[in-house]
Amino acid sequence: MTRGLLVALEGPEGAGKSTLARVLLARLTEHGVRALAVREPGGTAAAEAIRRLLLEPGDSLEPASELLLFLAARADLVAKVIRPALQSGSLVLADRYELSTEAYQCGGRGLDRNLFLTANQAATGGLSPDLTLVLDLPPGAGLERVRKAGKPLDRIEGAGMEFHERVARVFREARGPGVVHLDASRGSEVVAAEAWEALRSRVMAA
Ligand code: T5A
């Protein structure tokens with residue numbers, strides 16, 4: 001591989017993105033591909049501080065404040081981690097990226113899509129994923145997995161079922177260059193095998 005690829009893992013709560021990221025990272029390493037995994041929000045000192053502000057249950061946040069905080073975290077991560085890694089030829093696996101903002105802040109919170117597009121462009125400098133793997137799962141099933149794992153719900157997970165239905169609809173309906181949908185209601189090994197096929201063909205073509 002001569003240039004880095006940006007691969008985003010997207011989907012509703014508990015869809016299995018972090019589980020999939022671990023498997024894909026191991027497969028890439030086995031195949032000699034230099035790869036790095038990041039999660040959003042987070043990945044730099046400033047972005048981790050913003051993550052705490054965004055996810056800790058507590059005071060509510062205005063939708064516009066929420067949008068701008070997610071994008072402030074993204075701007076820091078893109079500039080300090082993602083762009084340098086791509087420039088050095090690494091593949092970057094991002095556990096959530098811009099489709100999450102469209103799903104949660106536009107679909108879920110009802111913010112204007114043009115506002116998101118303009119502000120996201122400022123945060124990323126136009127860096128979009130080469131491949132977006134969307135894990136489709138009904139939101140009730142994903143939240144049940146999170147509960148079963150014994151994790152307390154964070155501020156956004158606790159936002160209510162109607163909110164999560166609107167979020168899941170944006171993920172389900174996402175289309176575009178490099179967008180691949182996977183049925184995440186199946187076992188994690190089946191999902192990982194299908195994801196690996198989609199990823200492998202991109203890596204070999206790069
Ligand atoms: N957000 C994020 C926004 O609102 N706007 C944005 O722009 C961005 C970037 C991030 C929150 O921020 C929001 C979205 C989120 O609410 P987070 O804690 O990072 O918070 O949340 P998630 O990314 O949703 O992480 P989760 O851990 O909840 O979900 P994952 O990573 O999709 O799921 P995973 O892999 O941790 O699995 C959850 C459980 O399910 C099991 C796992 O073992 C685990 O117990 N599991 C499966 N079970 C059955 N079948 C499978 N196929 C399974 N795969 C995993």
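Helix axes here are lines fitted to C-alpha atoms over the stretch in contact, with angles taken between N-to-C directions from 0 to 180 degrees. The model shown in each close-up is predicted.

**Close-up A. Helix 1 (17–30) crosses helix 8 (188–205).** The two axes come within 10 Å, at an angle of roughly 50°. The crossing is right-handed.

**Close-up B. Who touches whom between helix 1 and helix 8.** Helix 1 brings Thr19, Leu20, Val23, Leu24, Arg27 and Leu28 to the contact. From helix 8 come Ser188, Ala192, Ala193, Ala195, Trp196, Leu199 and Val203. Sorted by class, that makes 10 nonpolar, 2 polar and 1 charged residues.

**Close-up C. The largest pocket, about 830 Å³ in volume.** Its lining takes in 32 residues, with Glu13, Arg51, Arg96, Lys151 and Glu157 closest to the centre. Helix 1, helix 2 (45–55), helix 3 (63–87), helix 4 (98–108) and helix 6 (139–148) each give two or more residues to this lining. Charged residues number 15 here, alongside 10 nonpolar and 7 polar.

**Close-up D. The second largest pocket, with about 410 Å³ of space.** Look for Glu98, Leu99, Glu102, Ser128 and Pro129, which lie nearest the centre among 23 lining residues. Strand 1 (6–10), helix 4 and helix 5 (113–124) each supply at least two residues, and helix 5 has the largest share, with 6. This lining splits into 11 nonpolar, 7 polar and 5 charged residues.

Key. Residues are numbered from 1 along each chain as its sequence is written. This is a predicted model: local features need pLDDT of at least 70, side-chain atom pairs count only at pLDDT 80 or more; totals for chains, interfaces and linings use all residues. Side-chain values use heavy atoms; hydrogens and water are left out. On a 1 Å grid over the protein atoms alone, a cavity is a set of points where a 1.4 Å probe fits but cannot get out, and a pocket is an open set with protein on both sides within 12 Å along at least five of seven lines; lining residues have an atom within 4 Å of a point. Grid points are joined across faces, edges and corners, and a volume is the space filled by probe spheres set on the points. Helices (H or I, at least four residues) and strands (E, at least two) are DSSP runs, numbered from the N terminus. Ala, Val, Leu, Ile, Met, Phe, Trp, Tyr, Cys and Pro count as nonpolar, Asp, Glu, Lys and Arg as charged, and the others, Gly among them, as polar. A crossing is left-handed if the near helix is turned anticlockwise from the far one by less than a right angle, and right-handed if clockwise. Contact means heavy atoms within 4.5 Å.
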